[in-house]
Amino acid sequence: MASNPTVKVSFVGDSAQFSQVVSDVQKSSGDLETKLGGLSSAMSGVFSVAGGLAVFTALKGALDAVTGAIEGTIGAAERQQQIEVQTAAAIKSTGDASGLSAQQITQYAESLSGTVPISAQVIQQTENMLLTFTNIKGQTFPQTTQAVLDMSAAFTA
C-alpha cells in the first residue's frame with residue numbers, strides 16, 4: 001500500500017512580515033473582486049441599455065417604413081389627382097372633342113395597365129396628350145392609345 005508523502009516547508013524569517021504579505025494579498029484580491037463585481041453590474045447596465053437601444057432602433061425602423069408607405073400612398077394619390085385634373089382640363093379645353101368623359105379615360109388607362117407593363121398613370125398622361133388632338137375621337141381614341149403603347153413597347157424592347 002502506497003503512502004502519501006508529506007513535505008514539510010520551513011520559512012526562515014519574520015513570521016509577522018509573512019502574515020502582513022498574506023493579509024495584503026487577501027485585501028488586494030477582495031478589492032479586485034469588488035471592482036470586478038462593479039464592472040459586472042456596469043456591463044449588465046450597458047447591455048440593458050444596448051438592448052433597449054436595439055428595440056428602439058427596430059421600432060423606429062418599423063415606424064419609418066410605415067411612414068414611408070403612407071407617404072408613398074399619399075404621393076401616388078396626389079399624382080393621380082393631378083393627372084385627373086389635367087384630364088378634365090384637356091377635355092374642357094378641346095370642347096369635349098373626344099366624346100369621352102374623364103371617368104372613361106381613367107377607366108381605360110386602368111384596364112390597359114393590366115395588359116402592358118406601364119402604369120395607369122403613365123397611360124392616362126399619354127391619353128391626356130392625345131386629347132389635345134381634336135381629330136382623335138370616339139373609337140379612334142382607344143385605338144390610338146393602344147397604338148402609342150405598342151410603339152412605346154417596340155421602341156423600348
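Predicted model: local features only at pLDDT ≥ 70, side-chain atom pairs only at ≥ 80, totals over all residues.

Helix α2 covers residues 102-113 and helix α4 covers residues 140-156, and the two pack with their axes 12 Å apart at an angle of about 40°. That angle makes α2 oblique to α4, and the crossing in which α2 passes α4 is right-handed.

Helix α2 also packs against helix α3, which spans residues 120-131; their axes come within 8 Å and cross at roughly 135°. The helices α2 and α3 are therefore oblique to each other, and their crossing is right-handed. On the side of α2 this contact is made by Ile105, Thr106, Tyr108, Ala109, Glu110, Leu112 and Ser113, while α3 contributes Ala120, Ile123, Gln124, Glu127 and Leu131. In terms of class, the contact of α2 with α3 has 7 nonpolar, 3 polar and 2 charged residues.

| Helix pair | Axis separation | Angle |
|---|---|---|
| α2 and α4 | 12 Å | about 40° |
| α2 and α3 | within 8 Å | roughly 135° |

Within helix α4 lies threonine 144, and a polar atom of the side chain of threonine 144 is 2.7 Å from the backbone oxygen of threonine 140. When its neighbours within four places in sequence are left aside, threonine 144 is in contact with Leu130 and Ile136.

Another residue to look at is aspartate 96, which is found in the loop between α1 (15-93) and α2. Most residues other than glycine have a negative phi, whereas aspartate 96, although not a glycine, has a positive phi of about 60°. Is aspartate 96 buried, partly exposed or exposed? Its relative accessibility is 40%, so aspartate 96 counts as partly exposed.

Turning to the protein as a whole, the model has 4 helices and 0 strands, and along the sequence the pattern reads α-α-α-α. Of the 157 residues in the protein, buried residues make up 18%. Among the contacts with a separation of 6 or more, 55% are between residues 24 or more positions apart.

Key: Residues numbered from 1 in each chain as written. Heavy atoms only, no water. Axes fitted to C-alpha atoms, helices over the stretch in contact; angles between N-to-C directions. Parallel < 35°, antiparallel > 145°, perpendicular 65-115°, else oblique. Left-handed = near helix turned anticlockwise from the far one by under 90°. Polar contact = N/O pair within 3.5 Å; in protein donor to acceptor, adjacent residues only side chain to side chain. Contact = heavy atoms within 4.5 Å. Buried < 20%, exposed > 50% of the residue type's maximum accessible area, 1.4 Å probe, protein only. Nonpolar A, V, L, I, M, F, W, Y, C, P; charged D, E, K, R; others polar.
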